[in-house]
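Let's take a friendly walk through this structure and look at how its parts touch one another. Keep the picture open beside you as you read.

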Amino acid sequence: MEEVKLFGHPASPFSCRVEIALKLKGVHYDFIAEDPSNKSPQLLQYNPVHKKIPVLLHNGKPIAESLVILEYIDEVWKTNPILPQNPHEKAKARFWANYVEEKCLPALFKTFWSVGEQYDKDKAEAGEVLKFLEDELQGKKFFGGDSIGLVDIVANFMAFWFRTIQEALGLDVLTKDNFPKLWEWAENYVNCSDINQFLPPKDKLIAIFPPPYMGQHLVAFFQSRLAAAAAAK
Amino acid sequence: MAKEDVLLLDFWVSPFCSRVKIALAEKGVAYQQRGEDIFGGKSELLLKSNPIYQKVPVLLHDGKPMCESTNIVHYIDETWPSPPLLPASAYDRARARFWADFIDKKLFDAGGNIWKTKGEDQAAAKKELIQILKYLEGGLGDKDYFGGDSFGFVDIIAIPLTTWFFAYEKFGNFNVEEECPKFAAWTKRCLGRESVAKTLPDPQQVLEFVSMMRKMHGIE
């Protein structure tokens, strides 16, 4: 009997990625919800270097870092592959997954924290980054083609987390008008039953964002922006 | 395989390019190499092959470009399976990818913070580099190489970055061997390997390059 455990958080896009992959593969697992402000001794034991979720525990052996976990899951459970077989196609998928993680995530995230001229600058920079993804989606429903693949799973924060917070703040970084393909991709994505069961309720996400470990000044700033956006409606 | 099927766009001092060269050497793959003029003007082929980052290394195999060094080393291992660079078991492969990811996220930037700064900032950067190397020593354990008895994936990802350590030591006024003897021993072991010794630039030349970069950045 295989034992699979996932140390994660119900509102984290990073642990959500792992849940999506396990669901696609039909793998049964126990979910252990971690409190980031009070990490369990097991988490610290299984991920001493980064001390973060998600950590996958397979038959007692820990794997950390969501992209590493996704590749591991794909190698161990062969149903519904999330990476292509062809080495060149695989290299392209890994490239885009890293691009989404290293470039898109920070660029999009930055737009939550700026106002006025700085916001316009950050929005433009995010737009430059998103443009490459918009082009990559031409002629495809998902980054993986007809079905969800590695890049789609990694880009989950864009489809749901970013758009939810963007809407609450009244921002216009990623819209149907400026990125029609990405918008359509995001709509298809969040309506997938293999995915939407792992998405936290919108109001819950807004209520707990940003996590306190990011700093009280950011929490306060976010609250004030939320209030301003609500008043503007 | 005919030599012209594999082309590497390269820059001599780049540890990321060295990773690709070592991997190709380990696999015995013949390839062509083209040096890019990073400061003078990047080639059309580079800009076309890597429009997003516009960086080396780029590996072109039958004209198809691959970017990002760790990604390229993965590709080389999958395309030319012998001898394997990644371990056999899925769990050990995950461990290898974990360490490669850790090295990619932390090591070069920490080193950069040493030669780019002074005073307190530099002291903090040195502390960070030593901590990173200590984590890597933990990953190495009592093994000769990160994957065990054989030189492999993580060793290839890490070893080229050590050519820059001489420069970090000079500008940061510290000694890696004193702080992390196990890491230093692993470095010497890898440097004894032909693919590594023939590929890596002389640390003295890297130091001269970093000195030039410091002047360019106005740090003296």
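The domain bounds used here come from an automatic or database domain assignment. In chain B, that assignment gives domain 1 (6–79) and domain 2 (90–217), and the C-alpha centres of these two domains lie 21 Å apart.

Before going further, a word on the model. It is predicted, so local features need pLDDT of at least 70 and side-chain atom pairs count only at pLDDT 80 or more, while totals for chains, interfaces and linings use all residues. Residues are numbered from 1 along each chain as its sequence is written, chains are lettered from A in the order in which they are written, and side-chain values use heavy atoms, with hydrogens and water left out.

**Inside chain B**

How many residues of domain 1 of chain B are in contact with domain 2 of chain B? There are 16, and they meet 25 residues of domain 2; contact means heavy atoms within 4.5 Å. The size of an interface is often given as the accessible area lost when the parts come together. Here, buried area is that loss for two parts, found with a 1.4 Å probe and summed over both.

The rule finds 2 salt bridges across this domain interface of chain B, a salt bridge being a side-chain nitrogen of Lys or Arg within 4 Å of a carboxyl oxygen of Asp or Glu. B:Arg193 forms a salt bridge with B:Glu26, and their closest N and O atoms are 2.9 Å apart. On the side of domain 1 of chain B that touches domain 2, helix H1 (15–27) and helix H3 (69–79) each supply at least two residues. The largest share comes from H1(B), with 9 residues. Helices (H or I, at least four residues) and strands (E, at least two) are DSSP runs, numbered from the N terminus.

**Inside chain A**

Chain A is assigned domain 1 (4–76) and domain 2 (87–221), with 21 Å between their centres, taken over C-alpha atoms. Here 19 residues of domain 1 are in contact with 23 residues of domain 2. The count between these domains of chain A is 3 salt bridges. A:Glu71 forms a salt bridge with A:Arg94, the closest N and O atoms being 2.7 Å apart. Helix H1 (13–24) and helix H3 (66–76) of chain A each give at least two residues to the side of domain 1 that touches domain 2, and H1(A) gives the most, with 9 residues.

**Between the chains**

Now look at where the two chains meet: 26 residues of chain B are in contact with 26 residues of chain A. B:Ile52, B:Tyr91 and B:Phe98 supply 27% of the area that chain B buries against chain A, more than any other three residues. Salt bridges between the chains number 6. B:Arg97 forms a salt bridge with A:Glu75, with the closest N and O atoms 3.1 Å apart. Strand E4 (64–67), H3 and helix H4 (90–116) of chain B each supply at least two residues of the side that touches chain A. H4(B) gives the most to that side, with 12 residues.

| Interface | Buried area | Share from carbon and sulfur atoms |
|---|---|---|
| Domain 1 and domain 2 of chain B | about 1,800 Å² | 73% |
| Domain 1 and domain 2 of chain A | about 1,700 Å² | 69% |
| Chain B and chain A | about 2,300 Å² | 66% |
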